[in-house]
Amino acid sequence: MFNNESDRKSFDVQLVLSDGRSVNGTLLLPMSSDIKRALSGDSPILEFRHQDGRESMIAKTAIVEIMILEQAAAEVAA
């Protein structure tokens, strides 16, 4: 179901969802993408790994806010 981890970029984030929940975990993106490109792309879903290791697909329409956590923010800025 999910692509090989070595073929993916990962960004530690906190997502605020439209139902009011806030979840921490890791966005898994293709190596050729970044968060902005993934959000504006055609796919309606994002791959997400929760802090407890569960992996899920999250609909972009369910996301109200994405906060990039400090370690990931440093990688994005580099």
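The model is predicted, so local features need pLDDT of at least 70 and side-chain atom pairs count only at pLDDT 80 or more, while totals for chains, interfaces and linings use all residues. Residues are numbered from 1 along each chain as its sequence is written, and side-chain values use heavy atoms, without hydrogens and water.

With the chain still selected, colour by accessibility: of its 78 residues, 29% count as buried, that is, under 20% relative accessible area with a 1.4 Å probe, protein chains only (exposed is over 50%, partly exposed in between).

Next, select strand β3, residues 45-50, together with β4; the two pair in the antiparallel sense over 5 bridges, pairing being assigned if DSSP finds at least two bridges between two strands.

S56 and I58 make up its covered face, whereas E55, M57 and A59 form the uncovered one. In a regular strand the side chains alternate between the two faces of the sheet.

Finish at H50 in strand β3. H50 has a relative accessible area of 14% and is therefore buried. Leaving aside residues up to four places away in sequence, H50 touches N24, G25 and S56, contact meaning heavy atoms within 4.5 Å.

Notes: Helices (H or I, at least four residues) and strands (E, at least two) are DSSP runs, numbered from the N terminus.
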